[in-house]
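Please read the numbered points with the structure open.

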Amino acid sequence: RRAVVAPTSILEVETTDETRFTTGIGELNRVLGGGIVSGSLVLVGGDPGIGKSTILLQMCRNMSEMGQKILYVSGEESLSQIKMRAERIGNFTKDMLLLCVNNLEDVEEYVKKDTPKVIVIDSIQTIVTDDVESAPGSVSQVKEVTARLMRMAKTGIAIFIVGHVTKEGTVAGPRTLEHMVDTVLYFEGERNAGFRVLRAVKNRFGSTNEIGVFEMKGTGLAEVKNPSQLMLDGRPDDTSGSVVVCTMEGTRPILLEIQALVCQSSFNLPRRTSVGLDYNRVNLLLAVLEKRGGIVMAGCDAYVNIAGGMRLDDPSADLGIVFALVSSFKNRAIPSDMVMFGEMGLSGEVRGVSGAEQRVREAAKMGFKTCIIPRSNLDNVKKMKDLGDMKVVGVANIQQALEYI
Ligand code: TYD
Ligand code: MG
């Protein structure tokens, strides 16, 4: 017979503060919620070649330098391949241990004898357990291996699992594992754009939607401390259809350029595409422009994208999308020192957004001179003292906003 388990009153539960330690990479610490939590299981997903192995190796380098024992398990690369990559990144210490195996049992065997502070499993698709019959990378393999790693983590080891995002098919991608782990980070970015964004999509130990920004260099991934500058690099002067918006990524304001191209359509059904933005949002804003703003683009093709390859789902970019569309449609450039943010409602009202002060401050810091913001955010922003000569104007609806084009 099983022993009976009694419930505990919540008032009697004792908590211990989780212990965190640094990765030596500020942007990575931020995305993790302030460093690594001992005993946590972290999944790092992303397309092949995006930089997952590189960032984890950099983290291992930093931590081994701080005197912590690290075990890097690779099922993909040989010892000498890892060493070659490591040499591009920097000097390592003897506390960085490599294990090139494909069996989970080998890792478990090692952990019985010694306890590293951190284990990296690169990648989950190449590690199997003898207890499951199916092929490496199959759903049942990755699930069983992950469950066993979770048990291993709870003994106090922080474990990072690399998971390649795969085309739908027989091989299990990281999505299958999201619910099993403590933290899920995704690495994204256009492969040919230089920068990479690391995004937390789940975090039991911190807030989600924080991002870290990196640039791939010849010596590994470098942190980008000023993403706004990177995103606005190469922005054209006095060109219609180009607008700068200020979005929030987690707790951090970032300036981005939105570009629109609107031209007469030669099709019965005009073309509408968007890159980096929700396509349906753009269509909705075109409808609001027509119905509430009196600007009809029904016979026009419209293309909207975010320069630099960022992805954006912050509705505060609405005002900027509207400006970019109208600017291109009327062939009238928006002043290059103007920036804006605000969400657009279906009645054509410009709705307030959170973090208005931080956004305006970021714009001022980057040298912008005029900022168009929702009317309802204006009172708080007007109280700010550190804006220099920046002019802030509030707009309540689309008609008022359009006067600035
Ligand atoms: P990698 O970390 O191997 O990607 P993943 O593990 O996500 O598959 O990164 C691979 C790419 O990064 C590869 O094309 C080479 C490039 N790279 C650099 O440009 N500079 C560097 O210092 C390193 C280590 C890699
Ligand atoms: Mg790799």
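How many helices and strands does the secondary structure of the protein chain come to?

1. Basis and secondary structure. The model is predicted: local features need pLDDT of at least 70 and side-chain atom pairs count only at pLDDT 80 or more, while totals for chains, interfaces and linings use all residues. Residues are numbered from 1 along each chain as its sequence is written, chains are lettered from A and ligands numbered from 1 in the order in which they are written, and side-chain values use heavy atoms, with hydrogens and water left out. The protein chain comes to 11 helices and 20 strands; helices (H or I, at least four residues) and strands (E, at least two) are DSSP runs numbered from the N terminus.

2. Overall dimensions and burial. The C-alpha trace spans about 70 × 55 × 50 Å along its principal axes. Of the 405 residues, 51% count as buried, where buried means under 20% relative accessible area, exposed over 50%, and partly exposed in between (1.4 Å probe, protein chains only). The accessible surface of the chain comes to about 19,100 Å², and 49% of it belongs to carbon and sulfur atoms; these areas come from the Shrake-Rupley method with a 1.4 Å probe.

3. Contacts along the chain. Among contacts with a separation of 6 or more, 68% are accounted for by residues 24 or more positions apart. Contact here means heavy atoms within 4.5 Å.

4. Charges. The protein chain has 47 positive and 49 negative charges, and their mean positions are 3 Å apart. Lys and Arg count as positive and Asp and Glu as negative, without His and the chain ends; each charge is placed at NZ of Lys, CZ of Arg, CG of Asp or CD of Glu.

5. Charges over rings. Lys117 has its charged end over the ring of Phe21, 4.6 Å from the ring centre. The charged end of Arg359 likewise sits over the ring of Phe341, at 5.3 Å from its centre. The criterion is NZ of Lys or CZ of Arg within 6 Å of the ring centre and within 35 degrees of the ring normal.

6. Helix 4. Which residues of helix 4 (residues 104-113) are buried? They are Leu104, Glu105, Val107, Tyr110 and Val111. The buried residues of this helix pack against strand 4 (70-74), strand 5 (96-100), strand 6 (118-122) and helix 5 (139-153).

7. Backbone geometry. Most residues other than glycine have a negative phi, and most peptide bonds are trans. The bond from Asp122 to Ser123 is cis, with omega near 5°, and Ser123 is found in the loop between strand 6 and helix 5. Asp238, not a glycine, has a positive phi of about 45°; Asp238 is in the loop between helix 6 (227-232) and strand 12 (242-249). Asn331 also has a positive phi, near 55°, and lies in the loop between helix 8 (318-329) and strand 16 (338-340).

8. Asp238 counts as exposed because its relative accessible area is 59%, and Asn331 is exposed at 62%. Gly308, in the loop between strand 15 (300-306) and helix 8, is partly exposed at 41%. By contrast, Asp95, in the loop between helix 3 (79-89) and strand 5, is buried, with a value of 18%. Beyond residues up to four places away in sequence, Asp95 touches Ser64, Gly67, Gln68, Lys69 and Ile70.
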